Amino acid sequence: DLENIENSEERLTELREQEETLLRDIGSRAAELTAARQAAADQLAALTVQELADLRMGKAQFQVGMTQTPDPNGAYVNGARLHFDTTGCDHIEFLMSANPGEPLRPLAKVASGGESARIMLALKRVLSAADHTPTLIFDEIDQGIGGRVGTVVGEKLWMLTRDHQVMVVTHL
């Protein structure tokens, strides 16, 4: 015990060096994860916009926003120190603009009931190839829509049945 106390400064220096090494390793892995996420986000956004066009939202813009938070004690990522947790350094949020000229804003704050339903359907259609959930449940996916859009929604739901059991609560 006395030896540990007498050598505590050396041990602290050693631990700080290990911490720096680990923070640099975490940062390197986080940068790789961010790059992979960005590529997937771009693809998801492009495919979602295509689906939205089919659902009569052809002027909508959709984007996956990724932000990082500076942290003086965080991981070293591309020359900056960023906050990290078990999921990496990125905060991810879906952004949307339903009408031309409107800025992209968080999806939860912009979409009306009908738009939300169509956006969820578009996302499910895009993600269904990677989704191994056997059953998809949609509750009033047709809320706020009707007529021709309702027919398209029905067709999109039918297409999901190729790989999933689909249950729908609907009013159409």
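This report describes the fold, surface and selected residues of a predicted protein model.

**Overall fold**

The protein contains five helices and seven strands. Their order along the sequence is α-α-β-β-β-β-β-α-α-β-α-β. The radius of gyration is 23 Å, whereas the globule rule gives 16 Å for 172 residues, so the protein is more spread out than a compact globule. The C-alpha trace spans about 80 × 40 × 25 Å along the principal axes.

Of the 172 residues, 33% count as buried. When contacts between residues at least 6 apart in sequence are considered, 66% of them join residues at least 24 apart.

**Surface and charge**

The side chains include 16 positive and 26 negative ones. The centres of these two sets lie 13 Å apart.

Helix α2 covers residues 8-54 and includes T48. With a relative accessibility of 0%, T48 counts as buried. Leaving aside residues up to four places away in sequence, T48 touches F62, A122, L123 and V126.

F62, one of the residues that T48 touches, also belongs to an aromatic pair with F94. The structure holds one such pair. A pair of aromatic rings is described by the distance of the centres and the angle of the planes. For F62 and F94, the ring centres are 5.3 Å apart and the planes stand at 55 degrees, so the pair is tilted. F62 lies in strand β1 (residues 61-67) and F94 in strand β4, so the pair ties together parts that are 32 residues apart in sequence. The two partners fall into separate burial classes: F62 is buried at 6% relative accessibility, while F94 is partly exposed at 29%.

**Loop residues**

The relative accessibility of N99 is 39%, so N99 counts as partly exposed. The C-alpha atoms of N99 and A60 are 5.8 Å apart in space, although 39 residues separate N99 and A60 in sequence.

Most residues other than glycine have a negative phi. R56 is not a glycine, yet its phi is positive, at about 65 degrees. R56 sits in the loop between α2 and β1, and its relative accessible area of 42% makes it partly exposed. N78 is likewise not a glycine and has a positive phi of about 50 degrees. N78 is placed in the loop between β2 (70-77) and β3 (80-82). With a relative accessible area of 74%, N78 is exposed.

**Accessibility of the named residues**

The table collects the relative accessibility of the residues discussed above.

| Residue | Relative accessibility | Class |
|---|---|---|
| T48 | 0% | buried |
| F62 | 6% | buried |
| F94 | 29% | partly exposed |
| N99 | 39% | partly exposed |
| R56 | 42% | partly exposed |
| N78 | 74% | exposed |

Definitions and conventions:
Residues numbered from 1 in each chain as written. Predicted model: local features only at pLDDT ≥ 70, side-chain atom pairs only at ≥ 80, totals over all residues. Heavy atoms only, no water. Helix = DSSP H or I, 4+ residues; strand = E, 2+ residues; numbered from the N terminus. Rg over C-alpha atoms; globule rule 2.2 N^0.38 Å. Buried < 20%, exposed > 50% of the residue type's maximum accessible area, 1.4 Å probe, protein only. Contact = heavy atoms within 4.5 Å. Lys, Arg positive; Asp, Glu negative; His and termini not counted. Charge placed at Lys NZ, Arg CZ, Asp CG, Glu CD. Phe/Tyr/Trp six-rings, centres within 6.5 Å; stacked < 30°, edge-to-face > 60°.
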